[in-house]
Amino acid sequence: MSSPARVRTGLTLALTAALAVGAVPATQAADSPASRGGADFKVRAVNAMIDAASSRRAAKSEAAANPTASSATTKAADVDKAPDPGLVRNRTLPAPDAVDAAPTCDDLALDWTPTNDRVWVHWNTLGLDNYTILRQRDGGSWKQIGVVGADQTSFVDRTVNPRGLFTYRLDADGISCPLGYWASMSTQDGWGVPDAVFGTAGTGDGTGPLLMQDTFSYGMPSTLTGMDPAYSPDGRLLASAASTDGTSWTLQISEVGPRGVESGYRSSPQPAGTLAAEPSFSPDGRRVVYTRYTVDAATGDVTGSQLRVVDVVTGVDKAVGGSTGLVQADWRSTSTFIAAGGAPGEGLFTIGATGGTKVPVAGTSNAGFPEVAPNGKTYFTTGDGTNFALNVLSTTGVITPLQSSTSHSFETPRVSPDGTVFYVDIDLKVLDDPADNEFTVMSSTNGTDTPEATAIGARRADSSGGFFGYDVRQPKSKGTSDFVGNAGPDILARDSAGTLWAYPSTPDKFAGTRVKIGTGWNIYNAFLAAGDLNGDDKADILARDTAGKLWRYDGKGGGKVAGRVQVGAGWGGYLPLAPGDFNGDGRADLVARSSTGELWLYPGTGLGTFATRTRLGTGWQGMNSIVGVGDFDLDNDADLIAREASTSKLWLYPGNGQGGFSARRQVGSGWNIFKGIAGPELLGPNPFVYAKRADGTLISYAVVGDGRFDGNEVYLVGTGWGPYSFTS
């Protein structure tokens with residue numbers, strides 16, 4: 001079928017070795033490079049790099065009132081006893097026992113590993129009493145978030161939005177150790193830091209835990225297992241090849257909840273003698289293409305391959321006709337794959353997603369690992385045994401080498417939405433020397449600038465689990481209003497002529513150069529920036545016409561939307577108010593108010609439709625403005641703010657992540673001076689709220705701490721907004 005150089009060296013050889021139950025001992029098949037021809041990826045020792053990366057990502061604020069490390073408490077010494085009068089003076093006494101030095105914060109080595117849905121706080125074990133974990137947000141106070149036993153060395157914080165600005169402290173046995181800097185996954189350009197997942201082998205013949213991390217941190221184990229993981233476009237689903245014994249394999253599709261809670265979602269068991277590998281989600285997240293390899297159980301040799309597609313919604317698993325011999329497929333569009341040929345010397349091919357004739361891509365001999373970027377370009381690798389390269393194929397068919405070498409080969413490019421290109425760099429000089437590091441996951445902006453080593457594949461404690469496939473994600477919030485595609489929240493505004501505009505935010509402007517979405521929008525008496533309703537990680541629009549019909553416009557990026565689709569009728573007596581994930585299932589929901597003041601939650605299905613509604617409360621007719629503001633208090637749950645007509649007070653209704661709200665609290669007064677209010681998701685480390693004055697001035701209020709306005713952070717967005725209706 002193919003030579004070891006052409007088959008997935010990091011995954012397939014490991015899996016085929018595990019399937020070859022009679023070929024090698026089980027322990028060797030799972031762990032030893034010898035069982036895979038020396039082609040296994042070994043975990044790279046990156047302690048020095050981690051330290052350097054931590055200093056880069058820390059974003060320390062000299063002006064911030066960061067807590068400082070307290071000195072270790074000195075324990076009281078035993079009270080001196082009077083000398084024994086009967087003690088012989090010339091008696092030689094043994095030296096006193098050495099007293100261990102009190103542990104210090106340096107010994108504890110408090111650190112953090114964030115992803116886009118949780119934060120692992122971890123430290124060294126020192127045999128102290130119970131550890132108390134505290135967190136402080138920017139402008140907030142220290143709050144206890146957990147207590148763990150003396151034998152624990154980590155704690156998962158699921159009640160923090162990693163895009164916010166926060167820090168940690170660990171108290172134990174008389175010492176108090178702060179992290180020492182403000183932490184955040186946010187970036188100035190609005191994209192945020194990508195996070196990653198990588199697969200491992202288990203202690204036996206099966207798969208090990210999937211480890212998660214940002215690109216600077218140690219990997220930490222999730223509750224999921226598998227190899228060769230792949231995220232859906234919105235980061236909510238995760239596909240991987242999983243096995244408990246190395247013989248029976250399953251393509252597992254799991255949900256990754258907004259608080260980092262994983263659960264099984266869909267599985268596709270593989271027939272005996274086969275294994276699933278190289279999954280990839282379609283652009284809309286509804287299908288997964290993967291390679292099914294057939295393996296000789298006696299020798300471990302790959303004897304065939306075929307592409308297959310699993311419907312995420314129904315679970316139906318179908319072969320792609322005409323795809324025999326293809327591997328490593330990715331979606332060029334919702335209807336076309338680009339894949340590698342499995343035989344030596346073959347290049348890339350395109351084929352229809354429902355099957356057909358495979359068409360070779362010119363100039364791609366010895367190519368593999370195609371990865372289609374969000375901008376439509378395809379990154380892939382080539383290697384003939386002597387010359388190796390990382391390349392990019394433009395949408396017009398032009399091939400450009402980005403990295404080339406005779407001593408390093410390249411594998412598995414991945415491209416995050418902000419254009420960062422990740423790839424595996426393998427040092428061929430030490431490939432067969434277990435004492436050396438053999439691979440590094442590199443990153444490069446658009447693949448053209450100087451590559452930098454990442455921490456992807458590093459773990460706190462090395463084990464024999466290895467490194468078997470990885471993926472990166474950079475998801476937006478489910479309440480996203482990024483219509484232009486530059487990561488920041490946009491203001492969606494309709495002028496008096498009925499033209500709908502998107503005003504993108506940039507690192508230095510709240511409302512940049514506007515982009516026209518369309519005309520004729522004055523046929524609608526209500527419209528809403530509705531978040532990502534269909535699971536493709538793009539912002540969508542809901543609009544209600546005068547007949548009470550509710551329409552959905554799917555975002556396509558670049559300020560464009562697809563044709564409208566009706567999603568409801570009888571909405572004349574209901575006002576769509578707020579998007580966001582209110583029930584904690586990782587899908588965008590809709591909150592609406594009836595004409596009688598009832599507030600309703602319409603749970604999103606992730607398919608652009610809504611499930612059966614539930615009532616959130618009554619008496620909301622007393623509020624003359626109700627706005628979904630994303631995660632206002634930075635606890636990872638979607639919230640509402642509402643202005644009370646009779647008092648002009650502004651109230652925060654904190655979401656509880658279960659389709660309800662915690663007790664409301666007042667966050668402002670005198671808000672009757674504003675003629676319009678909107679609240680986008682996070683931009684940088686702080687939420688904010690837009691408010692339009694009667695004179696057409698649009699301003700923004702920054703939110704700090706655990707959800708309060710900072711009077712010193714009020715910004716002018718622009719003037720002349722009087723005739724515009726707007727949402728964000």
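Colleague: How many salt bridges does the structure hold?
Modeller: There are 20 salt bridges, where a salt bridge is a side-chain nitrogen of Lys or Arg within 4 Å of a carboxyl oxygen of Asp or Glu. Bear in mind that this is a predicted model, so local features need pLDDT of at least 70 and side-chain atom pairs count only at pLDDT 80 or more, while totals for chains, interfaces and linings use all residues. Residues are numbered from 1 along each chain as its sequence is written, and side-chain values use heavy atoms, with hydrogens and water left out.

Colleague: Which residue does Asp157 meet in a salt bridge?
Modeller: Asp157 pairs with Arg135, at 2.8 Å from N to O. The two come from distant parts of the chain, 22 residues apart: Asp157 sits in strand E5 (residues 154-157) and Arg135 in strand E3 (residues 131-137). Strands here are DSSP runs of at least two residues, labelled E and numbered from the N terminus.

Colleague: Is Asp157 buried or exposed?
Modeller: Asp157 is buried, with a relative accessible area of 1%. Arg135 is buried as well, at 8%. Buried means under 20% relative accessible area, exposed over 50%, and partly exposed in between (1.4 Å probe, protein chains only).

Colleague: Changing topic: how much space lies in the largest pocket?
Modeller: About 1,200 Å³. On a 1 Å grid over the protein atoms alone, a pocket is an open set of points with protein on both sides within 12 Å along at least five of seven lines, whereas a cavity is a set where a 1.4 Å probe fits but cannot get out; lining residues have an atom within 4 Å of a point. Points are joined across faces, edges and corners, and a volume is the space filled by probe spheres set on them.

Colleague: Which residues are closest to the centre of that pocket?
Modeller: Pro233, Pro283, Val372, Ala373 and Pro374, out of 50 lining residues. Strands that give two or more residues to the lining include E15 (274-281) and E23 (367-372).

Colleague: And how do the lining residues of the largest pocket divide?
Modeller: Into 22 nonpolar, 13 polar and 15 charged. Nonpolar covers Ala, Val, Leu, Ile, Met, Phe, Trp, Tyr, Cys and Pro, charged covers Asp, Glu, Lys and Arg, and the others, Gly among them, are polar.

Colleague: Why does the largest pocket lie between two domains?
Modeller: Because domain 2 (181-455) and domain 3 (490-727) both give residues to its lining. The domain bounds come from an automatic or database domain assignment.

Colleague: Back to cavities: how many of 30 Å³ or more are there?
Modeller: Six. The largest cavity holds about 780 Å³ of space. Its lining has 40 residues, with Asn116, Asn161, Lys476, Ser477 and Lys478 nearest the centre.

Colleague: How does that cavity lining divide?
Modeller: The largest cavity has 13 nonpolar, 16 polar and eleven charged lining residues.

Note on methods. Helix = DSSP H or I, 4+ residues; strand = E, 2+ residues; numbered from the N terminus.
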